[in-house]
Amino acid sequence: WPHACSSVVVTVGDDCCALVWMPHLSVTQQSHNSLQRLRNIVTFPAVSDTPISLNGFNLAHDVIDPSSRPSFESHPPSPAPPADADFVPREQWGGKYEFLLSCMGYSVGLGNVWRFPYLCYRNGGGVFLIPYFIMLIFTGVPLFLMELSLGQYGAAGPITVWKCCPLLKGIGIGMLCVSTLVCLYYNVIIAWTFFYLGSSFQSPLPWSCDAPANAYLCGNNTIQNNLSGNTLTSVPCSHSLLTGHVCLFVCSSDRVLGVVNSQGLDDPGPVRWPLALCLLAAWIIIFFCMLKGIRSSGKVVYVTATFPYFVLIVLIIRGATLEGSLQGVAFYLTPDWGRLASAQVWNDAASQIFYSLGIGVGGLLSMASYNKFDNNVIRDCLVITIGNCSTSFFAGFAIFSILGHMAWRKGVPVGEVADTGPGLAFVAYPEALALLPGSVFWSILFFLMLFMLGVDTLFGNMEGITTAVLDEFPQLRASMKQKSLFLGLLCFGFYLMGLLLITDGGIYWFTLIDSFATSFGLIIITLFMCLGISFFYGVNQFCQDIIDMICLCPPWCSKVLLYFKACWVFCTPFLLMVS
């Protein structure tokens with residue numbers, strides 16, 4: 001960090017050369033590199049009346065003019081100091097698009113598809129966009145930029161980067177803990193996606209009333225919903241109202257979620273082995289995609305980060321051609337201005353910003369640490385945050401246009417077929433796809449999109465964990481064998497712990513971690529990160545660091561930094577404390 005690092009300034013006449021210690025190099029390497037640069041850049045004249053200064057002090061004439069010094073016996077030049085044996089060079093992204101796509105894929109996750117549309121219609125439709133964008137402007141974007149800048153300037157992971165202020169190293173440890181919990185349950189979602197993706201290759205779909213195995217379910221009059229305690233009524237499939245929902249709920253709950261065979265957290269029951277195999281396959285894919293670090297995951301994101309956009313566009317176009325789609329879109333966006341006075345609306349907006357952008361988990365910081373030092377971090381921040389929130393908004397059209405068609409087919413209000421979280425992604429929406437012509441194709445496309453969204457987000461979370469550990473133990477980077485062994489043991493450990501979440505009562509543990517283990521913790525972590533950088537490290541110094549990174553800083557960058565400085569000192573900490 002510049003204020004804690006030494007520098008040498010050599011002045012020859014009106015020319016100046018500054019040699020600055022770089023924070024990511026060892027002392028031995030810095031000394032050698034600085035001396036070599038001094039030899040290459042500065043050439044002293046044989047005889048000159050021009051004063052030469054070193055760090056502001058004029059050098060004596062015998063230093064300037066070698067002829068004025070007594071002659072000594074010449075000796076061969078001394079060899080350069082040996083490099084630090086523990087130093088292992090860090091990787092860098094193959095290009096700026098790899099970093100942008102990785103961050104975009106990390107931020108655009110399952111929450112954009114299954115959480116934002118539900119929160120939007122539950123909290124007043126289009127009115128929810130007002131608190132959402134206010135929280136985005138004053139908390140989301142400033143914290144996103146802070147985390148990216150911290151990682152890129154420090155060139156280190158969530159723990160090692162706090163060498164700038166060792167007092168705040170606990171923030172990095174907190175990021176590591178939250179990231180561990182997120183990885184634990186996030187890959188379970190990918191396992192569910194694998195299960196449904198494999199089932200989607202059957203025709204008819206296993207959760208539709210056209211499937212022979214569901215004939216007796218569709219004919220039943222009542223089926224108990226153990227998750228909510230409600231009783232759902234159905235009629236024969238030929239006159240379906242809620243029949244498809246009943247069939248799908250029983251299929252997904254019994255065969256995937258398993259809640260019908262568990263009474264709560266204290267009754268996990270046996271492991272569901274089809275899901276255990278799906279979970280194992282998911283971790284094997286993650287292992288091989290991350291085996292070579294960003295060199296491998298940076299190439300994978302060219303597919304995984306762009307494919308979901310293709311699917312969303314296709315689903316929006318298909319949904320717009322369906323009868324009743326406008327009913328669903330109206331339900332999604334109809335404003336209820338009275339909801340603005342509810343504190344719950346503002347709390348949901350804040351939680352969605354954290355959930356969607358992935359702030360405070362350490363993934364952004366770790367990915368930015370592999371950037372080139374002069375990368376324009378402000379530009380990247382604006383592109384990623386705007387793209388992420390735009391994706392959330394447009395995903396609502398893809399979801400509710402098809403849910404509106406399902407409600408029209410059944411003759412019920414849209415609110416009765418809408419759901420949130422796993423209920424939307426694995427119950428309501430697949431059922432709506434089952435009603436479309438060519439349902440197998442649409443189902444495969446949808447669950448493939450969910451898989452891509454989940455894998456991208458998990459890349460970022462896993463990168464936060466691996467970077468933190470490898471920076472603390474750099475000897476693991478020296479050997480591909482050691483690094484592969486560490487990554488393999490990490491993935492296998494997560495697999496063993498994840499088995500608890502795919503038991504009969506695993507959905508209760510999943511909900512517990514998703515609802516309580518991450519939300520409040522992220523607010524605490526980001527609050528202390530914001531206060532630590534602003535008041536311990538110094539907000540003026542931090543802004544100067546950002547300007548130093550952007551060598552050719554456009555005029556608008558320095559003006560935008562004034563806004564971010566005000567947010568980091570006043571607005572963002574205040575909103576975090578009240579939320």
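Colleague: Among contacts in the chain between residues at least 6 apart in sequence, what share joins residues at least 24 apart?

Modeller: The share is 80%, where contact means heavy atoms within 4.5 Å. This is a predicted model, in which local features need pLDDT of at least 70, side-chain atom pairs count only at pLDDT 80 or more, and totals for chains, interfaces and linings use all residues. Residues are numbered from 1 along each chain as its sequence is written, and side-chain values use heavy atoms, with hydrogens and water left out.

Colleague: How many helices and strands does the chain have?

Modeller: The chain has 23 helices and six strands; these are DSSP runs numbered from the N terminus, with helices being H or I of at least four residues and strands E of at least two.

Colleague: Is Ser439 buried or exposed?

Modeller: Ser439 counts as buried because its relative accessibility is 16%; buried means under 20% relative accessible area, exposed over 50%, and partly exposed in between (1.4 Å probe, protein chains only). Ser439 is found in helix 18, residues 439-472.

Colleague: Which residues does Ser439 touch?

Modeller: Leaving aside residues up to four places away in sequence, Ser439 touches Leu205, Leu433 and Ala434.

Colleague: Turning to helix 12, which of its residues are buried?

Modeller: They are Phe307, Pro308, Val311, Leu312, Leu315 and Gly319. Seen down the axis of helix 12, these buried residues fall within an arc of 135°, so they line one face; the arc is that of the directions from the helix axis to the C-beta atoms.

Colleague: Which exposed residues does the face turned away from that buried side carry?

Modeller: That face of helix 12 carries Ile313, Ile317 and Ala320.
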